[in-house]
Amino acid sequence: MSHDPLSSAPWHYASAPEATDHVLLDERYELFIGGKFVAPKSGEYRPSINPANEKTLAQWAAAGADDVDAAVAAARRAYRSVWSKTKPAERGKYLFRIARQLQERAREFAVIESMDGGKPIRESRDVDIPLAAAHFFYHAGWADKLEYAFPNRSVAPLGVAGQIIPWNFPLLMAAWKIAPALATGNTVVLKPAETTPLTALKLAELIQEADLPPGVVNIVTGDGTAGAALVAHPGVDKIAFTGSTNVGREIQRRLAGSSTRYTLELGGKAANIVFADAAIDEAVEGIVNAIFFNQGHVCCAGSRLLVQESVAEALTAKLKARMASLIVGDPLDKNTDIGAINSREQLQRIRHYLDVGVEEGAELYQSAADLPGKGYYCAPSLFSGVSQSDRVVQEEIFGPVLTIQTFRTFDEALMKANNTRYGLSGGVWTDKGSKIFKMTNQIRAGVIWANTFNKFDPTAPFGGYKESGVGREGGLHGLDGYVELGHRRGKS
Amino acid sequence: MSRDSESPRLSVAKTYKLYINGRFPRSESGRYFSLSASNGKLTANVSRASRKDFREAVVAARAALDGWSSSSAYLRGQILYRVAEMLESRSAEFVAELRDQGRSQARARTEVSESIDRLVYFAGWADKYQQVFSAVNPVATSHFCFSLLEPTGVVGVLAPERSGLLGLVSNVAAAIVGGNTVVALASESRPLSAISLAEVLQSGDVPAGVVNLLTGFRAELAEHFLSHMDVNAVVVCEHDPVIDDGVAATSAENLKRLLNRCDRDWRTATDPYLICETQEVKTTWHPIAP
Amino acid sequence: MAELAVVERAAAIPADALHAPVDTVGVQERIARLCARSIKKESKREALHRVLSMIDLTTLEGQDTAGKVRQLCRKARCLDTELPDLPTVAAVCVYPTLVGVARDALAGSAINVAAVATAFPSGMAPLAVKLADTAAAVEQGADEIDMVISRGALLAGDYEQVFAEIQAVKAACGNAHLKVILETGELGTLETVRTASMLAMYAGADFIKTSTGKIKPAATLPVTLVMLQAIRDYHDRTGRAVGMKPAGGISRSKLAIQYLVVVNETLGPDWLVPERFRFGASSLANDVLMQLGKLATGRYQSADYFSRD
């Protein structure tokens, strides 16, 4: 053609940082106990670090066993004197109000979430915060309808729920825990994760502003010792934990012989199975969402890719090309696909596994992403040439690291998918409906995504088989973990 | 010859063995324990299962799981109903056996009748609990999302001590109607009904390995039920000092589901929530094209 | 190359190229994610310049006259008098009867003349008529021919007819470049869009194009993504680069930039040039100019300050 072409030089997206001037963080945050912000008895504070630049965002109070004790006592008082006497419909209205206030302040929460945890603003803005609000909104409506969830049974709260949440979805996990507990009439002591306490503390402020009766929700920041104190506390009627399988196992050891109820949402090593007849481009996109969403800090991540041999080569080429287009960098840049790894410790753990994989003889591909000089970052990584017995195939890495294995037949794929101690999630990609149902029926896992991955909704129960956990959260079935069922009067 | 015909006929006593994988082996250990009537007379020698017998039973239950869990709800309901028919036809024997183990005639008759009715009750749930307890989830995105119940897997049952037949039947029926397979340890003081029940299960077309019944001592076997890595759930029906915190804690090794049914009144346990307790909820998502 | 770029018959197209599943929800999610890209500052200015250079400034009305086409060509040559360093558009697109007028009006410029041919927009004419239509446009001086495929034949499964027509029109084009309009708004599914894309490319298309602009929906981002993926897969197989032209309904800069993002992250910068990507549009250029005016002055602009032709 005759006209003067522009060069086909790369078109770089200019940085598009989310504004932070509307976000106010205090220098120091106290414990939220009995409706008030109180100093920890130890007087000890620790910093919360922005993993994108290693700067301190704020100091948080390190709760000890005595602080946990005070929080449990406050929750018990609130349960006895107020919350158990509050009409269910009124309980619901508090939750509706919290949902609304969270929606009003969504952007502020999203920015803080990205600063505190390193996740891209695109995700905190479009996933974490809207879903957190949706959880409150969904559970609000259950408060006065619980008899319909449990046919032919009366429903009573358990009392005080102790809740321990992880750092990968800080506010969303707080919502997952608090909303159903309150809807069912329990009071709460919540312990956020050490590296990401800030949005939970902002939620405490919001809860205060929403006029929730003091002590109904208590938030105690702390490390593992605070969590252990909560688990061991005799005044707690139920423990809800989301985190690693090892800690979950410790909690079950501790509580198995006791009358304290527990639900555990633990680790995973999900198979994501792509058949030759799948829509390959959409499968590639699904693989990316499955493992690189939230830097791979996702218990239900599709970390084991199983591809039918006949399309493995073509799919791998497309996957590598797609990985190369992922933008790794500043979590607050609206164009960032992969933000910062949550902490120095987690980055070290991921790097350790990258070394292990290479030592085991796997071939490592990493996209040539420009990583910022400061902060904790990891390029999206793909291990090929792995076998079922490799540690990188068996163990949860909790980072942007995918392994790829091939299979020939349906049965081989199923066998490899189920050959794990975990059972949290799984993915299937095929254009054939009957094959989808055959596979989704036989994968031993609590959440199965067919031709999609990493979808969450407050109406959809979530939880694991086997070592991935005990009990469900979300949806109708998630209510079960917070109620005591009784026989209705006059019925057997 | 006339003297012979006048002497009382010697009855043929039943040998009570274990029930593993559809067969009736003795304990591999060769051990037994004796049950005596209140007058001190021997009622029966009962096999005393070892941890190896338990291990074999778990292997059988695991092997049977795929087939049983994928059988249709209708079929499972029919098989449970068939078991009820078999029990009905042999009810006199079960009443006598309960009497031998110390029940009064009236209570023995009630327990057998209730056990038959309990089987019928759960048979009827086979093709209904899924409808009542599953859900279609109205998610906000363009996906068809549903949650249904799937069997937890291999369920260990440490059966109730007093309710030797009805308690056992209730726990086993609730587990298998939901597609699980079972290894149960019978009541120590009333173990005979379990083995007779095994004969009923076998003749009722319950596939081999779906239910495995052991007799023996909780003090010896409970820890193996709780610590076995291929058992997915354990039902505990007795407050028992041998199942102390330490033993219970071993359930955490594979995060098995630990179900406490210690304070149940088994006479009133017509309860579909017993089925739900040995089910996992599986949530499946699929896109809906616009 | 591993495979032939152009084949003799539709039956010779590899089956896995011609038919591949496409998941509509997955495509929409991908588009939603791409549309979340935030294009600011220098990257926005660069994008707007690229968009201008890719426009096929189009008038396809029954009421078109020589006067209307001359005005459009004037606009094509001089998009704006005040903004500096603007590129020109890529082409002016008209009906065959007005090709000569456009050719004369654009003489001496680098702007191409494109003509819609083959009984546009329905394509419901005998092949001989379509070929004559094409030949006439080329003879009048068209540099590019935008043909329509026989959608009826495609939907009836007669791939050979669709293929043979494209092949014949390509031959009639001579040196003119051939853009093949799939009219995706009539094809029903994204799978059919992909199949039609492959038929067109294996038959020799230089560009594949979404729409005539006479049917709604015209161009959409999901359809464009699927066509771009087909172009990429075809390129991977054969080594031949085919261009893409969404047309109809793209009148805003923001949307045009989203198209560029989709191209950039599907085929890469090699396709971010007018030789490989075009917009079929009539009112897009002025919106782009307004955005450039805003970037240049810092003030939001009014349509009254930009010439409309």
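## Exercises on a predicted three-chain model

In chain A, strands E1, E5 and E4 make an open sheet in the order E1-E5-E4, with mixed pairing. The model is a predicted one, so treat each exercise as a reading of that prediction.

**Exercise 1. Which strands sit at the edges of this chain A sheet, and how does E1(A) join E5(A)?**

*Solution.* Start from the strand order, E1-E5-E4. The two edge strands are E1 (28–29) and E4 (45–50) of chain A, each of them pairing on one side only. Now go to the E1(A) end: 2 bridges tie E1(A) to E5 (residues 55–61) of chain A, and the two strands run parallel. For a specific pair, take Arg28(A), whose bridge partner in E5(A) is Gln59(A). As background, strands of a sheet pair through backbone hydrogen bonds, either parallel or antiparallel.

**Exercise 2. What is the angle class of the crossing between H2(A) and H6(A), and which residues make the contact?**

*Solution.* First, get the geometry: the axes of helix H2 (residues 88–104) and helix H6 (residues 198–209) of chain A come within 10 Å and cross at roughly 125°. Next, the class. An angle between 115 and 145 degrees is neither roughly perpendicular nor roughly antiparallel, so H2(A) is oblique to H6(A). The crossing of H2(A) and H6(A) is right-handed. Finally, the residues: H2(A) brings Ile98(A), Gln101(A) and Leu102(A), while H6(A) brings Leu206(A), Ile207(A) and Glu209(A). Sorted by class, the contact of H2(A) with H6(A) has 4 nonpolar, 1 polar and 1 charged.

**Exercise 3. Work through H3(B) and H8(B) in the same way: where do the axes cross, and at roughly what angle?**

*Solution.* Helix H3 (residues 73–89) and helix H8 (residues 192–203) of chain B have axes that come within 8 Å and cross at roughly 130°. H3(B) and H8(B) are therefore oblique to each other, and their crossing is right-handed. Val83(B), Met86(B) and Leu87(B) of H3(B) meet Val200(B), Leu201(B) and Ser203(B) of H8(B). By class, the contact of H3(B) with H8(B) comes out at 5 nonpolar, 1 polar and no charged residues.

**Exercise 4. How many residues of chain A and chain B are in contact, and which elements of chain A each supply at least two residues?**

*Solution.* Count both sides: 35 residues of chain A are in contact with 31 residues of chain B. On the chain A side, at least two residues each come from helix H8 (245–255), helix H14 (433–442), strand E18 (447–450), strand E19 (469–470) and helix H15 (475–478). That side of chain A divides into 15 nonpolar, 13 polar and 7 charged residues. Then zoom in on E18(A): 3 bridges join E18(A) to strand E10 (residues 279–287) of chain B, and the strands run parallel. One bridge pair to look up is Trp449(A) with Trp285(B) in E10(B).

**Exercise 5. Is Ile55(C) buried or exposed, and which residues is Ile55(C) in contact with beyond its sequence neighbours?**

*Solution.* Locate the residue first: Ile55(C) lies in strand E1 (residues 55–58) of chain C. Ile55(C) has 27 other C-beta atoms within 10 Å, so Ile55(C) is buried; the cut-off for buried is 20 or more. Leaving aside neighbours within four places in sequence, Ile55(C) is in contact with Val89(C), Ala90(C), Phe279(C), Ala281(C), Leu284(C) and Ala285(C).

How values were computed
Residues are numbered from 1 along each chain as its sequence is written. Chains are lettered from A and ligands numbered from 1 in the order in which they are written. This is a predicted model: local features need pLDDT of at least 70, side-chain atom pairs count only at pLDDT 80 or more; totals for chains, interfaces and linings use all residues. Helices (H or I, at least four residues) and strands (E, at least two) are DSSP runs, numbered from the N terminus. A residue is buried if 20 or more other C-beta atoms lie within 10 Å of its own, exposed if 12 or fewer, and partly exposed in between; C-beta atoms are placed from the backbone. Two residues are in contact if their C-beta atoms, placed from the backbone, lie within 7 Å. Ala, Val, Leu, Ile, Met, Phe, Trp, Tyr, Cys and Pro count as nonpolar, Asp, Glu, Lys and Arg as charged, and the others, Gly among them, as polar. Two strands pair if DSSP finds at least two bridges between them. Axes are lines fitted to C-alpha atoms, for helices over the stretch in contact, and angles run from 0 to 180 degrees between N-to-C directions. Angles under 35 degrees count as roughly parallel, over 145 as roughly antiparallel, 65 to 115 as roughly perpendicular and the rest as oblique. A crossing is left-handed if the near helix is turned anticlockwise from the far one by less than a right angle, and right-handed if clockwise.
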